[in-house]
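This report describes selected packing and pairing features of one protein chain. The sequence and the structure are shown first.

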Amino acid sequence: METILIVDDSLLTRNFLKENLLQKNYNVLEAQTGEDALEIMGSKPVDLVLLDKNLPGINGMETFGQIKQMKLFHPPVIMITADSDLPLAVEFMKSGGADFMVKPINVELLMIRIENVIKSLRMFKYQMIEQKKIENELKIKDKAVRSSLNAIAISDINGNLNYVNPAFLQLWGYQMESEVLGKQAVEFWHVKKQALQVINSLKTQGSWRGELIGKRKDGTLFDADLSAKVVLDDQDKPQFMMASFLDITEQKRIEKRLRESEAHLKQMMDLSPVAKCAADNEGQIWYMNHRFVETFGYELEDIPTVEAWFTRAYPDPTYRSDALVRWQSAIERSQFNEGRIEAGEYNITCKNGSVRIIEITATQLGGKIIGAFIDITEKKESEILLRESEQKFRSLAENLPDIIVRFDRQLRHIYVSHQIERHSTMTPEMMLGKTNHELNIPKHHTDKWEIALQEVFISGKSAVIDYGYHGGKHFESRLIPEFDANGSVQTVLGIVRDITENKKHEAFLKESKKIAEEANRTKSNFLASMSHEFRTPLNSILGYAQLLQQDKNSNPFQHNAADTIYYSGSHLLMMINDILDLSKIEANYVRLEPSELYLSVFLNKIIEIIKVKADEKSIQLNTMIDPNLPKWIYADEKRLRQVLLNLLNNAVKFTSLPEASISFRITANSNCEISDNFNQKSMGCLSFEIEDEGMGIPQDQLEAIFLPFHQVREQFSNQEGTGLGLSISQKLVRLMGGKISVESVVGKGSVFQFCINVPFVDCRENAETNHSKNLLEYIGSSLTILVVDDNRENRFLLRDILSSLGFIVIEAVDGKEAIDKALEHHPELIFMDMLMPVLDGFSGIMKIRQTPVISNIPIIGISASLDNTNLNRCIEAGANECILKPLNINELHQAIQKYIKVKWVFDDEKQMEKTNVHMDSEVVPPEYEELTELLAMANIGDVVGIQHYVSNMGNRDLKMIPFCEKLDYFAKNFMIDELQSFIMKFSESKKHG
């Protein structure tokens, strides 16, 4: 029975149809989707498909389309749908559908339609079977009547075919005679006009023989050999025409391939870099490549035969006779060499009369001889030169003081110079052909030589052997690879040199270096000792000078005297630091210690310091600061300050003309090509530029000014300083990832510039420090600080500084007494010197940290040594931090604030209150034009220019003093944003008022 496939996503519908079909004894298959149905039909035979229209995935029509594409004779399909869609039904039936039904299904009607379709299907199958029977009978007849391998056709006198044999059908690609019989013969040829000419020739001449191009049923073409004649009746009247055809396509193809092969051979010969020519067995030269013509100058017309070649190439009869004998002998030997002819070397005369040395080989191929002519003239000349070079080498080697040896790949000596006799009992003749192991040489030497030689042969790289020998001698052997034409190491050349004296000299230099290093350590110890000895008295000098500077009761003379003491001491300290810094930088001991730095306060401090020095020389200081500078950066404040102060101090120092100026420009730039030292995400570039109107630097000294202890010019030889500032600054900027550059014109001035990459840190509120304010006291209960130092002056200085602020100060002279005083008084903070008798600061701090009742007291170490080792030891011992002598009062205040958290009272707070009173009462701004000028200066960060401007403005009009005081406060503290906002507020008011 037939198999019916039900395709429906409804289980209820499938079960309903399945039950009725099974009752009719049909085989039933089920599918829920179109994809499932296609998969089933790909693996199982199906006679009829009941297909639902609405299916998940691909719908019924799409499924039907793919069923038709699957098989040439697809099973009939009945579409079942719940929609009464007439256009769909029409489209389905036109596409080849068997039937179309609408739900709900009438079972009886469905069964009738299924039976009708099945009957049609059975009839179709019957017809297919009958057709196959007929085809089988035709195949049997074809085999029976196939009496000729040639295609045979018979036509009437007008060329209408009435018989063809199976070979004809096969040749033209037809299956049955009915496809051919009755057609015009000309229809079976590619060029019909040519076929008509053949038929006309047959009618007039009675026969024809030739080639035509046939055209198969599928349109493909083939070459045919045609033999035709007209058959006459008894009365010699034409009855019909008969023709025999032979497919000669393969024959044509072979002929074509032979032509192509010959062309390919010519092409290959032309592409060959070797001169080649080809001749046949009769001695005719039929081709020569371009290289042959270029090498010898002969064209094919010059030497059409091998005999002509011998005559032209070997003009000397005797030599030609000898060449012919050698050539014939080579041909005879080729029978035992698979047809390869090894002819040998010949002196060939070219067309221009020159003679070339040619190596000739040939190959016998398909009745042809192909000769290859390799020009070895240069090679032969090179061999001659090589022999001459070898003679020169031997002559040179025999006259050198070194021992020259040469080894082959088996590590045997193939050359030894006579110098070997000076250093051993062996002669060159004793060593030739032998390895080191075969000679009377200690094994540890021979092993070292063998390993080194093998490495040179394998790697192709030179090697050096350094070894001692008996008698106290020392030798160095250099092994140099020598390559052949293929780039392989062929031999190794050894140069053996007596370096006994060199080794003695090296030992002497090593001992000298040791002495120099010991001297350098002695120098370092001396510098460290001198640093401590200098910095200890400077601590008292600078400390008391700072106290005197802050004394409000001192008269101008006393204040100036304090300034002089402070600046003189600072200069001495600077020179000491320069010497120590240079020593540390050159020893690579300096490391950057970056921290968060409030940029505006930092720059303001730098400008204040330089402004004092500039005012002393009546030099105008112009500052141009980018308003887009970040408020906070992450950098080494100490080292950056050191560089800037050095460059600015130099600008002041070497600018002597009255009314000259110095420009200090700072900008933020994101495009500087500077290395990134800190590896932070938010990196930016700060550019610093100092321009002076001094005497300038000659071009030939621009590089020398960065050398240690170098003074700029003779005219400045009386200037103070160590000559180390620029050298140290350059090295510090390099540590920061930048480079100092300088441009200078003699008589006009110089411009120093450097850029550094620094991380920009997020802005912080209330970050401004009271760096420019003088401390008066702190608010709160009395606090005790312990000062520990064996030096009386240092203790007194700290005592006076701390007492002036209101602290209770107790003193100790060493670490042991410090512990006792700490246990007795429990101070809020301890200042501890590191180098003291009895018990030093390191041990004292450690013992305090080990004593529970006082272990949590903050301890600040004090050291006069710049050595990082001592500073690190101080922290490791347990100090909270360590500060250097001479003490800076501001740094001291900051350290106290960090660990005690006191509230300070400053001397300028009342002044600020006064300013605020002025602001709250009445502020009278200047005119719009002056406000515009002030705003322009604020926009470029020219705070110094604003301070000068408002100073003159306040003296000119007392009513503007409140405005000037507020403006001066903003400028002094680098509050650029506030400065701009304050000016713009009055500027807008004036503009629209």
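## Helix pairs, a sheet and a salt bridge

In helix α2, residues G34, L38, M41 and G42 meet T63, Q66, I67 and M70 of helix α3; contact means heavy atoms within 4.5 Å. Helices (H or I, at least four residues) and strands (E, at least two) are DSSP runs, numbered from the N terminus. The contact of α2 with α3 divides into four nonpolar, four polar and no charged residues. Here Ala, Val, Leu, Ile, Met, Phe, Trp, Tyr, Cys and Pro count as nonpolar, Asp, Glu, Lys and Arg as charged, and the others, Gly among them, as polar.

The model is predicted: local features need pLDDT of at least 70, side-chain atom pairs count only at pLDDT 80 or more, and totals for chains, interfaces and linings use all residues. Residues are numbered from 1 along each chain as its sequence is written, and side-chain values use heavy atoms, with hydrogens and water left out.

Two packed helices are described by the angle between their axes and the distance between the axes. Axes are lines fitted to C-alpha atoms, for helices over the stretch in contact, and angles run from 0 to 180 degrees between N-to-C directions.

| Helix pair | Angle | Axis distance |
|---|---|---|
| α2 (residues 34-43) and α3 (residues 60-70) | roughly 15° | within 10 Å |
| α18 (residues 599-616) and α19 (residues 637-653) | about 25° | 10 Å |

Angles under 35 degrees count as roughly parallel, over 145 as roughly antiparallel, 65 to 115 as roughly perpendicular and the rest as oblique. Helices α18 and α19 are therefore roughly parallel to each other. Among the residues of α18 that meet α19 are F602, I606 and I610, and L640, L644 and L648 are among those on the α19 side. By class, this contact of α18 with α19 has 10 nonpolar, one polar and four charged residues.

Strand β6 (residues 151-156) is joined to the antiparallel strand β10 (residues 238-247) by six bridges, and S155 stands opposite M241 in β10.

A salt bridge is a side-chain nitrogen of Lys or Arg within 4 Å of a carboxyl oxygen of Asp or Glu. By this rule the count comes to 34. R122 forms one with E2, their closest N and O atoms being 3.0 Å apart. This pair links distant parts of the chain, 120 residues apart: R122 lies in helix α5 (residues 107-145), and E2 in the segment before β1 (3-7).

Key. Two strands pair if DSSP finds at least two bridges between them.
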